[in-house]
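Trainee: Could you take me closely through one part of this model, the place where the two chains meet, and describe how it is put together?

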Amino acid sequence: MKLEKGVVFKIQRFSINDGPGIRTTVFLKGCGLRCFWCHNPESFKEYPELQCFEGKCIGCGKCVEICPQNAHKIKENQKIFERRLCNSCGKCADVCPSKALVMIGKIMTVKEVMHEIIKDKSFYDTSKGGVTFSGGEPLIQKDFLKELLVTCKENNIHTAIETAGNVSWEIFEKIIPYVDLFLYDVKVYDNKKHIKATGSNNEMILSNLKKLAKTNSNIIIRIPLIPGINDDSLEIKKIAEFIKALKTVKFIELLPYHSLGEAKYQSLGINSRSGTIKPLEDEELANIVALFSEKLYGSDVKCSIV
Amino acid sequence: MIFLDLKFLAEIKEWAAYGFYEAEALQLPYPRNYGLAYRRLYENMRIRIEENSLIIPIEPLYKAKNRSNNKEHHCVNSILNFFHSYGLVLRSDIAKEKKDVYPQYCKEIDELCDDLRLKLVVFTQYIHSNPDTYTILEKGFNYLKNEIDLGIAQSEADNDQDSLQFLLALKDYTIGIDTYYINIKNNINNAMLKSEGQRKQELKIIYDAFCNCFYEPATSFVGGLLAVNLLFMLDGCDGIGRFDYALGGLFEQDINSGELNIDFARRLLDEFFVNFENMNAWNLQLGGYKPDGSNLDCLLTKECLECAIRNNYTRPNIALRVNKHTPDETLELALKCLSYGSGKPAIYNDDLYMKLIQENIPNLPYEDAVMYGFGGCTETMITGMSCVESIAGQINTAKALELCLFNGIDISNNTQEGPTTGNFVDFNTFDEFLEAYKKQIEFMTKKFVHTTNADIKRRMSSGDPKISRSLFTRGCIENKKSFEAGGAKYNYSIVSYDGTSVVIDSLAAVKDLVFDKKEISKEELIKALYNNFDGYESIQNKLQSAPKFGNDIEYVDSIGADILKYMWELLLTFNIPRGNGKHVPSIILFTTYEYSGKSVVALPNGRKAFEVLNDSTGACAGCDENGPTALLNSLLRLPLQLAFGTPVVNLRFNKQMLATENGIKKISNLIRNYFSRQGLQIQISVINQEDLLKAQLNPEKYKDIIVRIGGFSEYFVNLSKGLQDSVIKRTEHQ
């Protein structure tokens, strides 16, 4: 037991929007979807990688000296990083004095992660909080995740999982007994639009959700509201009807799009595609909530913005 | 000499000076000169009734600085003036103004100032206080006057001249107050007669209430509030004690009977709160236990918090006592109030304060213990009954570390400031280094106590005995001793510790990098510090990357716990000469924390010379990276209960965090958890980092931003650049 290792890219304590009470959210690296609005692009790949914030570079050249792959160069006072040469050894990040180079993702054992989680046990207990595993897609690191969940339950810690559901049902089956709450993302109902927006189709996502709903698990549906993608009345109607038909789901949380990821995209050498999206105005949000409530009429599903 | 001529002093309206010299002419012994000075001052006090104002009077004041527009105005234009902390003081700026008004007396006014400078002993030691509103409301001013008369008779019978002269001085003061009271009454009456309609009706309510207030026990809320206000004015506008305890019963009684209209009551509260801001007044406390052991929380508690929401200023500096019986709604209302960004109220663990006060103040009965509150920023005191040196001074623990690293030498001016505790390079173990540091702390503590106690001794028998506070602080009349001389029921001093987190981080880095891992040699470290890291940037980097306090790292926090325990237990062994109270530690770093940093060279936490130290008990700016739960866990490892003078904990949250019910509930949970695990106090700033950066660039546009530093709130744009930077760096919890 507890031999499993996984790649964690962030552990956020006093996390208050990922389930009940005061929580610690553990972000596992790796995701099968490529939602173009994603503000956690550092979660895409399953292995540790180097983030390079060019604006912070002071041109000291320490990374050039230490890099065994010669991925760092300085030419005419210009810092150049050739990502294709990088093998993510992290030596440059260790010596970078200005934190322009940062390794994202750390290989951790279950014991190490639990050590961090346990620190706020007292806060979980008094606030009825716990731990939330997020990502990325936490279910991708299935064995690591399962051991973490089992250990949390042994320590009497409430567990939640934030998933987009795009994994095989067998993985769900393995972890359901150890999960107190699923925060389940539903992004787009229309499959073609879903493929365009996320790079994957949504058949498995929706069928897993249907099956999960039948297991009597606690589920909160989370919908990121992306202007031009899922904020039109047809999408809202279809999503609402689908959730209504699940019968066991009682809560929908709407997450308005906000643009935070730009600098992160650049630092990872990924082209961002979300540049043109304008965040929703308060009035538009109110209209969307009203529309959801209208479509959910007759059920006891509650809808709120978080 | 014309300036000694009382007619002249009357002509230029220098009434305090008039009384001062009158006593001299009559050859009255000390402190009668002070008694007469205050008597004449109040006998001749101008009464001003502002348009639409209901809280009357709003004089006297030494000076009032409107904190929101930073403009100063003074109501009492006397050269010999009154300020709550110092007593009578000489104001040369007003002398200048007076010379413009009386150009024919320029020479005489200068002579007056010169003579006062010789005769008037002024100690500028700040003592915050809260007057005894409880006795005024429950027994009335006549009770105090009667007590003075009884005391005078007793002193005469005993032929006890010191007591007698002190009580006669108090009696003089009460005569001044009597005249002042009548003048106020007449002025309200005149204003009422001149006004019409609603204003006339309102002034009638105020007039009737004023006529029936102050001298006898209060019977109505309006009368009670006017009595409290009069006392607040006489004290010179400092603190006001447990406001909802003092007036909550009358408030509920009058609201329930229909006697008091809630809108009118809210206008009164609004005006009272705004006066706090305009007059640079300090602390007001809400909530907490009552003498019968039950929890106070009442309608007025809620109304005061809502009043603070309506009037989003820095003052009054509200202290909310929260105990296990305090309803969640009160704490959540307090957090809602905090979400507007004024930093008020600060939140105190009532159960724990009760315990610590009873353990630490000898012979403190329960009914007095429950009356604890705070003066100024957050100095713990039994309100209405204490003379607390607040703050007696600072012990700069970071400076002591500097001295330890350089064998007692202050390297910025090459003088031997501390004892020779050995060269750093000669220490073989971390423990040897730590022992040397303790010796520096011991030396600094003893030196501090020696200086402070000598100063207190001087004040006990010379200078202003603090006539007003002697009258309105329980114990002084009974003991026949002034506030300064130790008459108050409870006497102690509060000492603030600067730079503790800088020290913890530095010690942890030295232990880890120099002694344990030996990544930095002792010689290298000393050279790097001596050269302020110029040319030693890689060493500075290593030091900065070492584990820091505030991140829930047990080994760092325990180094802090050991050293703080040592320094605070040491201080607690020292008494003050006044009433044999203790020197009580605290960590209250108001704007002084930038100042403290200015005298300290580079230190092993990676901080460069003369940069700011840490804010109160908090982590060094930007060093707590794991959120508020980690910071609180770290704090709980420190022996903060020894520093019950108040160890200030500042949490800064993003504005959105408190904008939702969810956020408020979770922060409320966080506070309850911290208190259940014996945390003492929490205060919260709500601000976006982005806003602060903008405010720095365009101060004109962001005059309203208030941040919490040390023990109270301040307008961000009024802070120095260095302090602003440090507030910006202070980690914002998402």
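Mentor: What follows goes from the conventions to the interface and then to the strands behind it.

This is a predicted model, in which local features need pLDDT of at least 70, side-chain atom pairs count only at pLDDT 80 or more, and totals for chains, interfaces and linings use all residues. Residues are numbered from 1 along each chain as its sequence is written, chains are lettered from A and ligands numbered from 1 in the order in which they are written, and side-chain values use heavy atoms, with hydrogens and water left out.

The model scores ipTM 0.89 and pTM 0.92.

The size of an interface is often given as the accessible area lost when the parts come together. Here chain A and chain B bury about 1,500 Å² between them, with 54% of it on carbon and sulfur atoms; buried area is the accessible area (1.4 Å probe) that two parts lose on being put together, summed over both. On the side of chain A, the residues that lose the most area to chain B are A:Arg13, A:Phe14 and A:Phe123, which together account for 43% of what that side buries. Counted by contact (heavy atoms within 4.5 Å), 15 residues of chain A and 19 residues of chain B take part.

A:Arg13 also forms a salt bridge with B:Asp552, the closest N and O atoms being 2.5 Å apart; the rule, a side-chain nitrogen of Lys or Arg within 4 Å of a carboxyl oxygen of Asp or Glu, finds one salt bridge across this interface. Between the two chains there are 12 residue pairs in polar contact, both residues at pLDDT 80 or more; a polar contact is a pair of N or O atoms within 3.5 Å, where within protein one must be able to donate a hydrogen and the other to accept it, and residues adjacent in sequence count only if both atoms are side-chain atoms. Strand S1 and helix H4 (121-127) of chain A each supply at least two residues of the side that touches chain B, and H4(A) gives the most, with four residues. Such helices (H or I, at least four residues) and strands (E, at least two) are DSSP runs, numbered from the N terminus.

Behind this side, S1 (residues 5-15) of chain A runs antiparallel to S7 (residues 106-109) of chain A, joined by four bridges, where two strands pair if DSSP finds at least two bridges between them. In S7(A), A:Met108 is the bridge partner of A:Gly6. S1(A) is also antiparallel to S2 (residues 23-28) of chain A, through five bridges, and A:Ile11 has A:Val26 as its bridge partner in S2(A).
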